[in-house]
There are 2 protein chains.
Amino acid sequence: MSDPRLESLRAAAPGLRLATAPDELLHYGRDWTRRWTPAPLAVALPATVDEVQAVLRWASAEGVAVVPSGGRTGLSGGAVAANGELVLSLERMRRVLAFDPVDRTLTVEAGAPLETVQEAARQHGLQYPVDFASRGSCTIGGNIATNAGGIRVLRYGNTREWVAGLKLVTASGELLDLNRGLVKNSSGYDLRHLAIASEGTLGVVVEATLKLAPPPPPVATLLLALPSFEVLMQVFQALRGRLALEAFEFFTGTCLRHVVAHGAQAPFEREYPYYVVLDAAAEGPDDERLLEAFGHCAEQGWVEDGVVAQSQAQAAQLWRLREGITEALAPHLPYKNDVAVRVSAMPAFLAEAQALLAAEYPEFEVAWFGHIGDGNLHINVLKPTELGQEAFVARCAEVTAHLAGLVERHGGTISAEHGIGLVKKPYLGCTRSAAEIGIMRALRAALDPAGILNPGKLFDPPER
Amino acid sequence: MSDPRLESLRAAAPGLRLATAPDELLHYGRDWTRRWTPAPLAVALPATVDEVQAVLRWASAEGVAVVPSGGRTGLSGGAVAANGELVLSLERMRRVLAFDPVDRTLTVEAGAPLETVQEAARQHGLQYPVDFASRGSCTIGGNIATNAGGIRVLRYGNTREWVAGLKLVTASGELLDLNRGLVKNSSGYDLRHLAIASEGTLGVVVEATLKLAPPPPPVATLLLALPSFEVLMQVFQALRGRLALEAFEFFTGTCLRHVVAHGAQAPFEREYPYYVVLDAAAEGPDDERLLEAFGHCAEQGWVEDGVVAQSQAQAAQLWRLREGITEALAPHLPYKNDVAVRVSAMPAFLAEAQALLAAEYPEFEVAWFGHIGDGNLHINVLKPTELGQEAFVARCAEVTAHLAGLVERHGGTISAEHGIGLVKKPYLGCTRSAAEIGIMRALRAALDPAGILNPGKLFDPPER
């Protein structure tokens, strides 16, 4: 604790908990990416909004960079502190503060894990419908900072749709109480929406008022085996017109092979090119509309094999084939791309992307999966055992540059739900125009003139 | 056409249609408010995005203020040009450009009337669910500029929820193609959402890609007569839990009296304090769940009278009681307030507001109606016949100041869906904090350094 800046921080925020031990700096200085060596100045662990304000006032005055930090489950390096920044962890601010049955809202501190929010909603007979696999570790503040999506966007939208109010501390330490849970509010610029997906560069989320939905309907879970992506799109179109889809996820035979090798049970006797796992509102596995819709797809010759879960346990088993992919791939140190195009552009994009990867990088195994209804493809490039990690990452950066060009030609985005952070920063120009990036820079400068909030993330700060 | 600035505009945009006749200046210089005397410099009527860009480049260079103009059905003066501004009317840019059946989107020029959009969606077997009474005149660009709401927000949300892409021309004439129809896109600040509800102060909307929804379910329409607002809230809660509500609107006996005086048929033999008209998903007027829900409310003693529409024609008749209010009140030159609080705060707010108005302004007749599910109350103060218009407006400004204070205490907004424009500008500080207004000013200055876009709307420009 010899750094004089920390002494001045102690003076500015007397009760603030600060962590400076090497293992703490390592732990709080990184997210799920492993490409940067954590090197924060220290870790501030405020317990109150007042303390967050004091930290930011101090940081603006001293010109110290601050990295807001939630569950650090990010995949784009948005929460990495590798340049002597102060990590501002919200993890001690994790309380559920209020539930309102009339407004159907839940107010929570930003450090509350997603799972805590989901559980609190369930206890009140409602649901918080944003969901993804890192639910136990990721925090609402982090979800808001990246506008997190997940497996139920098709039906419920992204995090953005569920934020009715947001308390945000600005770089200067001002507390903004944005929208305050109102359903309708046309009173100037919606700074709440500007803050969502800003990855901690415009302010620190300290509290959120979240909308809740009625509980999900009873669903049936299906797993379908399909011969091609074109057919997959036709099945999606046909089922969307006939059923109320709650989720519709696809993955390739490659993904399934890895999940099965990782311990899951193979669902069919042979392997198919594509699989879909879906939840559709239904009275049970024998629901008439469900069987009619499934029958229609079979009649068209689209479905090569399929199974309707007959129990909750079997449904969970089918979903594990999709949700287990990330874990099953992890030992292969995958290089992750998270792209999206318009749903209608998916077949052409996927065909071109597969051709590109096969032609340029025949030695790489690529695992594809994603959210068809959202146009979101997760492309995981697996590290060949014989290739060193550094060479692999360098090679993947080339892959990403090629892919980014392809995404640009198809009008898509290089980040559907992971955010830009450090990882996608070089490719931002493939998704946002120079004019847009210029405006983003200007907005950031207007809100944080000292440039202390998560500098270097999203885009580089201007030369000083 | 002697103004030298118009000559320079002609040179900058050779084919641009310009209108300068006195009746045209009058027509295009005002919206549905009638408190300002129109005095525009001229009216530009571009036919292409290129022309819009040329106008804005010229305006930024010359320092000429520009008022973007849609259907001019606004109620807050956002489209008023009373200070020698150039009106930039989008009314010639009204084409439906594209429909995509896979993405379920409709791409339209900003000057397309809401009704045109609704009709185009219906032709494709889908719906554009934002709806309100000015649908034939208002434009999509104007809807986006105010984040218009209407009678179906309860079920479908505001305009914001339906904008998948936005083309915006900035003050400097840059064309931004924002979000481009993507469902998922976490690539930095969402400038689309910043532009929505910015009332033409951050850019001119020239094109929008709108999401469409599946067609609405068959509904039953009910009219209920209720003894009090507390009961009304209980009915809302009970029905929301039992039925899929598509709309739930209330109005007072005063409103009904005016609508009936204006030619509508009285629904019941006597008058009641409150009425609700609602649409709920139902197989028909005898739908079991509907009758069960209605029966529950009757058993509780909440409903004093009620009717279920037995035909489309009767449903239309019941809805006319609600939708005809604005027109029926118009001859009384009502002073309109459009406030919202959280739904849970409505009973306390309404009680205090009614007490305030009764105590301070016993001579005013006040018509209340609105959208319970959104917390949105329309408060129309009717001009007593004997009071002059000017004295009435002055008196109403006092009313509004009192109401704004009340709204502030209840955590609400002085504008739920009309926008701020000129009318609400003095009260913005009751809804947005000084810090928020400071940030809005900074953002506006960053995007429009010359201050040409709709100056004086939302908040005053800084002193120069």
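Me: Is E436(A) buried or exposed?
Reply: This is a predicted model, in which local features need pLDDT of at least 70, side-chain atom pairs count only at pLDDT 80 or more, and totals for chains, interfaces and linings use all residues; side-chain values use heavy atoms, without hydrogens or water. Residues are numbered from 1 along each chain as its sequence is written, while chains are lettered from A and ligands numbered from 1 in the order in which they are written. The cut-offs are under 20% relative accessible area for buried, over 50% for exposed and in between for partly exposed (1.4 Å probe, protein chains only). At a relative accessible area of 3%, E436(A) is therefore buried.

Me: Which residue meets E436(A) in a salt bridge?
Reply: Side chains of opposite charge can pair when their charged atoms come close. A salt bridge here needs a side-chain nitrogen of Lys or Arg within 4 Å of a carboxyl oxygen of Asp or Glu. The partner counts as buried at 6% relative accessibility, and the N to O distance is 2.5 Å. The residue paired with E436(A) is R432(A).

Me: How many residues apart in sequence are the parts that R395(B) and E363(B) tie together?
Reply: These two side chains form a salt bridge (3.1 Å, N to O). R395(B) lies in helix α14 of chain B and E363(B) in the loop between α13 (346-360) and β15, so the pair ties together parts whose separation in sequence is 32 residues. (Helices, H or I of at least four residues, and strands, E of at least two, are DSSP runs numbered from the N terminus.)

Me: Which residue of chain A forms a salt bridge with D374(B)?
Reply: D374(B) sits in the loop between β15 (365-371) and β16 (376-382) of chain B, and its partner sits in the loop between β8 (175-178) and α7 (191-195) of chain A. With 3.4 Å from N to O, the residue is K184(A).

Me: With which side chain does E417(B) make a polar contact?
Reply: E417(B) is in the loop between α14 (389-409) and α15 (434-447) of chain B, and is buried at 12% relative accessible area. A polar contact is a pair of N or O atoms within 3.5 Å; within protein, one must be able to donate a hydrogen and the other to accept it, and residues adjacent in sequence count only if both atoms are side-chain atoms. At 3.2 Å, the partner is the side chain of H371(B).

Me: Which three residues supply 18% of the area that chain B buries against chain A?
Reply: Buried area is the accessible area (1.4 Å probe) that two parts lose on being put together, summed over both. Chain B and chain A bury about 5,800 Å² between them, 56% of it on carbon and sulfur atoms. The 18% share, more than any other three residues give, comes from K184(B), S186(B) and Y189(B).

Me: What kind of axis relates the two copies?
Reply: Superposing by least squares on the C-alpha atoms of residues with pLDDT of at least 70 in both copies, a rotation of 180° with 0.0 Å of shift along its axis brings chain B onto chain A (RMSD 0.0 Å). The copies are thus related as by a two-fold rotation axis.

Me: In which loop does N147(B) lie?
Reply: Most residues other than glycine have a negative phi. N147(B) is not a glycine, yet has a positive phi of about 50°. This residue is buried at 6% relative accessible area, and its loop is the one between α5 (140-146) and α6 (153-156) of chain B.
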